[in-house]
Amino acid sequence: MNQFLNVTEQLLKGFGENSLIFIVTLVAAIPMGLIVSMGSRSRFFPLKALTRTFVWIIRGTPLMLQLFVVFYVPPLMSNGSFNFPRMNAALIAFIINYAAYFSEIFRGGIESVPKGQYEAGQVLGMKKSQIFFKVVLLQVIKRITAPIGNEIITLVKDTSLASVIAIPEILMNAKDFSMQGLIWPLFYSALFFLLFCGVLTLLFSFIEKKLNYYKG
Amino acid sequence: MKKLLAFLMAGLMTATVFAGCGESASSNSSESSDKSSSSASADGDWAYIKDKGEMVIGITYFEPMNYMDENGELTGFETEFATKVCDQLGVKPKFQKIDWDSKEVELNAKTIDCIWNGLTITDERKENMGISTPYMENKQVMVTKAENADKYTSAEALSGATVVAEKKSAGEEVAQSDDFFKQATYVSVDSQAKALLEVKSGTADIAVIDYVMSIGTLKDGSDYSNLSVIEDKSFAPEQYGVALRKDSTETLAKLDDAMQALADNGELEKIADKYNLKDLLLIKAK
C-alpha cells in the first residue's frame, strides 16, 4: 500500500509536468495558429510563401527532432554559453509545432464557409470585419471543434515526448520504476492519460452541442 | 509568373535554412579543432567548471548506482561517490537526470559536465569522450526464472532456449559470440529492464544483463523477485569509468587524483560496502 502511494505520488508529480506543457502549449498555440493561418491566406506573396514554408518545415519534421534542435543546438553552436532551461525549450518546441497544425485547421475552417454567407452579409450592408466576426467566425468555430478536439487529445499524449530532453514527465518516472524492479507503474501511468483524455472528450462533446446553433 | 515567383521564394528560403545549418556545422567543427589545438597548453574545461563552482553530473535512475530512496532523496553508490569527489575538487555536485541515449550530446552541449552512472568503458567511448581511471568492475550474468535456475548449466541445455539482451550492450556481445549460447536463439530488446520483462512474461528464457543491474532489480519485493541469477556462470568482465568531454585533460587528472585520494583514506571502500559492491572496486588504497 505504501509502495502504491509512493508510485502514485511520483507519477502525479510527473503528470504535473505533462499538464504544464499541455496548458501552456494550448494557450499560446491557438492564437499563434490563428496568426499563421492569416499569413497562409494572405494575398501578399512573400508573407504567404514564408508561412507556407514554416508550416511545411514544422509539419514535415518529427516533433522529437524539433525538441532536440531547440534544446541542444543553441548550446552546441555557442559552445555551451547559452541554452534554454529544459522546460522552456520543450514549451517553445511544442508551441511552434502545434501552432503550425492549428493554423491549417483554422485555414480549412475559414475556407469552408460558403461564399454565399459573405455575399449575404454584403447585401445587408455589413462591413468586411462585421461579416467576419458576426457571420463567419462562429460558423468556423463550430466546424473546427471536432478537428481541434482531435489535435488537443493528441497533444495530451505528445507531452510525453518531452522526456527526450530529460523532462521528468510521467512516462520517464514510470520507466525509472522498472529499473528498480517494478513493472506495473508503466501500465498504471496509462490511467492518468485516459482520465485526462476522458474529461476532454466530455468537454468537447458538450461544446459541440452548445455550438449546434451555429450550424451553417 | 506569380507561381514562378513563389517557387523561387520557397527555393530561396530552403536554401537559406540549409545554408544556416551548414554554417553552424562548420563553425562548430572549427571551434572544436581550436579546442584540441589549445588543450595542450591550457585546459578550458576545468576553468569552465571551476568558474561555475558546480559540476553538473549526468545520471539516470538505476539502483544501486543512482536512485530515489523511500523518502524521495537521491542516493546510491555513484551519488555518494561523486559527491565526495566533488568535495575534493572544491565544486558543488549537481545531479541532472538525462536521457541515456543523448548522453554524448548533453556532454558536448555542456548541459552536463560528466556522466557518472555505471558507464562501461569501451574503445569507442574512449575515442569520443575523456574517460577516467576505471573504478569498478562489472560482469555479465544470466537471469532466468527461479525454477529454471539449475537447468541452464551447459551449452547443450540451452538448445531451443531463447536468450534476450539489450541492443549494443556487453550482454548482447556475450549472447552472440560466446560458445555457451551457440544453440540458443537470440533476441535483442532496447533496454535491460525490458530483457527482464521478457523473461518474466515467458517470451524469453534467459536474459543476459550486467551484474550491478541485477542487484537493484531482482531484490525482494520487486516484480522480478521470482527471477534469479545463475550464480556459477558469468561472462565478459567490463569496467566502469566516469566520462568527461574529450580533451578535458586537466579535469580528468584532477578527477583521477580525487578518486585515488578517496580510496587511500578508505572512504570509497566504506561507500561500496554500504551498497554491497566492495568486491567489484578497482581503485585500491596505495
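Modeller: Let us start with a term: a crossing is called left-handed if the near helix is turned anticlockwise from the far one by less than a right angle, and right-handed if clockwise. Please note also that this is a predicted model.

Biologist: Which hand does the crossing of helix 1 of chain A and helix 2 of chain A have?

Modeller: Helix 1 of chain A covers residues 2-41 and helix 2 of chain A covers residues 45-60. Where helix 1 of chain A passes helix 2 of chain A, the crossing is left-handed.

Biologist: How many residues of the contact between helix 1 of chain A and helix 2 of chain A are nonpolar?

Modeller: Helix 1 of chain A contributes A:Val36, A:Gly39 and A:Ser40, which meet residues of helix 2 of chain A including A:Leu47, A:Leu50, A:Phe54 and A:Val55. By class, the contact has 3 polar and 2 charged residues, and the nonpolar ones number 5.

Biologist: How are helix 7 of chain A and helix 8 of chain A oriented, roughly parallel or roughly antiparallel?

Modeller: Helix 7 of chain A (residues 170-179) and helix 8 of chain A (residues 184-211) have axes 8 Å apart and pack at an angle of about 160°. Their crossing is right-handed. Because angles over 145 degrees count as roughly antiparallel, the orientation of helix 7 of chain A to helix 8 of chain A is roughly antiparallel.

Biologist: How many nonpolar residues does the contact of helix 7 of chain A with helix 8 of chain A have?

Modeller: From helix 7 of chain A come A:Ile170, A:Leu171, A:Ala174, A:Lys175, A:Phe177 and A:Ser178, and they meet A:Pro185, A:Leu186, A:Ser189 and A:Phe192 of helix 8 of chain A. Besides 2 polar residues and 1 charged residue, the nonpolar count is 7.

Biologist: How many strands are there in chain A?

Modeller: Along the sequence, chain A follows the pattern α-α-α-α-α-α-α-α. It has 8 helices, and the number of strands is 0.

Biologist: Which element of chain B gives the most residues to the side that touches chain A?

Modeller: The contact takes 23 residues from chain A and 30 residues from chain B. On the side of chain B, helix 1 (2-38), helix 4 (103-108), helix 7 (192-201) and helix 8 (211-217) each give two or more residues. With 9 residues, the element that gives the most is helix 1 of chain B.

Biologist: How far apart are the C-alpha centres of domain 1 of chain B and domain 2 of chain B?

Modeller: Domain 1 of chain B comprises 44-137 + 239-280, and domain 2 of chain B comprises 139-238. The distance between their C-alpha centres is 27 Å.

Biologist: Does B:Lys219 count as buried or partly exposed?

Modeller: B:Lys219 lies in the loop between helix 8 and strand 11 (227-244) of chain B. A residue is buried if 20 or more other C-beta atoms lie within 10 Å of its own, and exposed if 12 or fewer. Because B:Lys219 has 14 C-beta neighbours inside 10 Å, it counts as partly exposed.

How values were computed. Residues numbered from 1 in each chain as written. Chains lettered and ligands numbered in written order. Predicted model: local features only at pLDDT ≥ 70, side-chain atom pairs only at ≥ 80, totals over all residues. Axes fitted to C-alpha atoms, helices over the stretch in contact; angles between N-to-C directions. Helix = DSSP H or I, 4+ residues; strand = E, 2+ residues; numbered from the N terminus. Contact = placed C-beta atoms within 7 Å. Nonpolar A, V, L, I, M, F, W, Y, C, P; charged D, E, K, R; others polar. Domains from an automatic or database assignment. Parallel < 35°, antiparallel > 145°, perpendicular 65-115°, else oblique.
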